[in-house]
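Here is my note on the two-chain model you sent.

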Amino acid sequence: MTHWITVIAFLALLVTGAEIVVSHPRFYWGEVGNIQTHPLFVLPIPASRDTVPTGYRFVMPDENGWSRYLHFEAAWVVVLTGLVYGLASLWSGHFRKDLLPAPADWNWRSFREVFASYLRRAPPDKSDGYSYNVVQRTAYLAVIVVLFPLVIWTGLAMSPAFEGAFPWAVAVLGGRQSARTLHFFISGFLLLFLVVHVTMVVLAGFRSRMRAMITGHTASSPSNPRSTHEQHLTT
Amino acid sequence: MSNISRRRLITTGLAATAGVAGLAAADRIARRYGLIPPDNVGFFGPGETLTYAAQRLMTTHSLAREFPRNMISKTPFANETAPPNEAFKRHQAVGFSDWRLSVDGMVARPTSFSLPDLRSLPVHSQITEVACEEGWSYIAEWIGTPLVHVLDAVGVLPQARYVVYFSIEPDWWESIDMADALHPQTFLTLGMNDGDLPVGFGGPLRLRVPRQLGYKSVKYITHITATDSLKKFGKGLGSASPEGGYAWYAGI
């Protein structure tokens, strides 16, 4: 449930975020930056404002108004859903049981073994149907406890009112324009995760995975530990 | 498939009831304390209200960041504006000597101020950043009369909840709540970087609202009115921005 709400909100954030970038596809480092200062880099795309020199002779339609409205609304959905998910996961032990890698697995050899089995296109273990391997666990944890908090922080660091109330939160990032640049790259990492994640789901068998995600059950394991755990909780 | 147990049913029911009651209570508290923005309409209304309410609760009295003098931008960028209208050109031709700022609405003494009148009130300066909704920014020193001194001079009434301000250019108007109107850094700006405020940056008179994005800092101000409701201005969404698709509250 929280997964699918986050999917919808995250896609809305990606699209509107891209739309907002189009109004000024130049990035800077430090506190300030505008078309008269030296950019860190420039995206080779046309802009939606004619004040930005892009080399293109046309200007894209300006859709910033609703994009900004939707960006912040979707951000609230992600934040509130994330809080529910985070608290519920701590409460139910989902973090500890399903996401924290086992200490014994937390080494390069386990990582190498997983990648090697991916590269060999080895048939998955029986256990892979209902448990995450160390690479999956690490990737999911990185997204949940590192990338999402960072993208929210760097986003808030562009809010003039938030900056006033929490100036240190902007200063440690190197300034408002640094926060904007970091926000762009962290969003890029999240997009990269999305692409890999969807690819892996497709490779693992899209229909059976979707069925498992929506119903919470896997077809191949009538007595899988997760559903007995749930029954145990509810009785 | 596990059965839906009685306990789970009761818990879910209680949680849903608490949720609905919580929302109703939140709505009443938000209305009471003025945490609902005027553009709380349509699909984006809930997100907008959450943003405005959260920021108002956290930032009512916080100050915009001020910077050391050596961080003033060498190349500030004056965003483009529409070509000035005839009325503005007439003022420009005489060096803005006839420029007036009329202040009315919910005030005890409606007054028309000349630029020297404004300069005779306490004049302050601040080195703050202008951040545009597009993403760019610059830092400048802004010199002017805090709006709160003007509002004190005209005796703004306690019922006033918003201040609406108009440019000499038609259809360019904005409004702010009293938290921003009475804020010590909200300036009727007359000067920039130790000189007069250039026309490109809003001269002769710009209302700077440094805790919000650049588009709330309207250029060429001629009229300010205090009100308890924004319903009767324009389409009732608070300012020209929501009518053009942009949020009324631009603190984010």
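This is a predicted model: local features need pLDDT of at least 70, side-chain atom pairs count only at pLDDT 80 or more; totals for chains, interfaces and linings use all residues.

1. Chain B holds an open sheet of five strands, in the order β2-β1-β10-β5-β6. The pairing is mixed. β2 (111-114) and β6 (173-177) of chain B stand at the edges. Each has a single partner strand, so one side of each is left without a neighbour in the sheet. From one strand to the next, the twist averages 20°.

2. One pair within that sheet. β5 of chain B, residues 162-167, runs antiparallel to β6(B), and five bridges join the two. Take Phe166(B) as an example: its bridge partner in β6(B) is Trp173(B).

3. Backbone points to check in chain B. Most residues other than glycine have a negative phi, and most peptide bonds are trans.

   - Gly203(B) and Pro204(B) are joined by a cis peptide bond, with omega about 15°. Pro204(B) sits in the loop between β8 (195-196) and β9 (206-208) of chain B.
   - Phe96(B) is not a glycine, yet its phi is positive, about 60°. The loop between α3 (86-93) and β1 (100-105) of chain B holds this residue. Phe96(B) counts as partly exposed because it has 18 C-beta neighbours inside 10 Å, and burial would take 20 or more.
   - Asp194(B) also has a positive phi without being a glycine, here about 70°. Its loop lies between β7 (187-192) and β8 of chain B. Is Asp194(B) buried or exposed? Asp194(B) is exposed, because 9 other C-beta atoms lie within 10 Å and the cut-off for exposed is 12 or fewer.

4. Chain A overall. The secondary structure of chain A is ten helices and two strands. Read from the N terminus, the order is α-β-β-α-α-α-α-α-α-α-α-α. Of the 235 residues in chain A, 26% are buried. Among contacts in chain A with a separation of 6 or more, 60% link residues 24 or more positions apart.

5. Helix α5 of chain A. This helix covers residues 134-156, 23 residues in total. At 1.5 Å a residue, the helix should span 33 Å; the end C-alpha atoms are 32 Å apart, which agrees. Even so, α5(A) has a kink of about 35°, centred on Val143(A). Please look at the span and the kink together.

6. Packing of α5(A). Which residues of α5(A) are buried? They are Val151(A), Thr154(A), Gly155(A) and Leu156(A). These buried residues pack against three helices of chain A: α2 (64-92), α6 (160-165) and α8 (176-203).

7. The interface. Chain B brings 41 residues to the contact, and chain A brings 35 residues. On the chain B side, the elements giving two or more residues are α2 (45-59), β3 (124-131) and β4 (137-146). The largest share, eight residues, comes from α2(B). By class, the chain B side has 17 nonpolar, 16 polar and eight charged residues. These figures are residue counts, while the size of an interface is often given as the accessible area lost when the parts come together.

Note on methods. Residues are numbered from 1 along each chain as its sequence is written. Chains are lettered from A and ligands numbered from 1 in the order in which they are written. Two residues are in contact if their C-beta atoms, placed from the backbone, lie within 7 Å. Helices (H or I, at least four residues) and strands (E, at least two) are DSSP runs, numbered from the N terminus. Ala, Val, Leu, Ile, Met, Phe, Trp, Tyr, Cys and Pro count as nonpolar, Asp, Glu, Lys and Arg as charged, and the others, Gly among them, as polar. The expected span of a helix is 1.5 Å times one less than its number of residues. The bend at a residue is the angle between axes fitted to the seven residues ending there and the seven starting there. Two strands pair if DSSP finds at least two bridges between them. Axes are lines fitted to C-alpha atoms, for helices over the stretch in contact, and angles run from 0 to 180 degrees between N-to-C directions.
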